[in-house]
Amino acid sequence: MVKIKKGLSDADMLKGYNEHLTFENGMYADEKITQAKIKNAKAPAKKELLLPEEARERLNRFLLEISMEWLKNKNGDCAWKVLKEDGQIIIKPAAVAKK
């Protein structure tokens, strides 16, 4: 029996341990490689909305309310049309054309 010292990290506790490849752990060996590739992949650039947090929350709430009304009236799926008229930005739903 091996005694493990207190206060060690997981990496320190498992230092020098090599697991033997068996049926149970061998079938997932490829996933470790895939996970490593995912970790090293660069995250896509985050798109920034030029609104203060409070205004962004209100905008999202209003968009959700309008979406719910749209669906409640059984208008089907909607796409958002964004227009600029007389110094104002107008966002309104429009029916999505079915293929």
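**Note on the predicted model**

1. Of the 99 residues in the protein chain, 4% are buried (under 20% relative accessible area with a 1.4 Å probe, counting protein chains only; exposed is over 50%, partly exposed in between). This is a predicted model, where local features need pLDDT of at least 70 and side-chain atom pairs count only at pLDDT 80 or more, while totals for chains, interfaces and linings use all residues. Residues are numbered from 1 along each chain as its sequence is written, and side-chain values use heavy atoms, with hydrogens and water left out.

2. The protein chain has four helices and two strands, in the order α-α-α-α-β-β from the N terminus. Helices (H or I, at least four residues) and strands (E, at least two) are DSSP runs, numbered from the N terminus.

3. Strands β1 (residues 78-85) and β2 (residues 88-95) run antiparallel and are joined by eight bridges; pairing requires at least two DSSP bridges. K84 lies opposite I89 in β2. Two residues separate the strands of this hairpin, and D86 has a positive phi near 50 degrees.

4. A nonpolar surface patch consists of I66, W80, V82, I89 and I91, with about 450 Å² of accessible area together. Patch residues have over 30% relative accessible area and no salt bridge; like charges are joined within 9 Å, and nonpolar side chains (Val, Leu, Ile, Met, Phe, Trp, Tyr) within 5 Å. A salt bridge is a side-chain nitrogen of Lys or Arg within 4 Å of a carboxyl oxygen of Asp or Glu. Areas are Shrake-Rupley values with a 1.4 Å probe; for residues, only the protein chains shown count as cover.

5. β1 and β2 each contribute at least two patch residues. I66 belongs to helix α4 (residues 53-72) and is partly exposed, at 32% relative accessible area.
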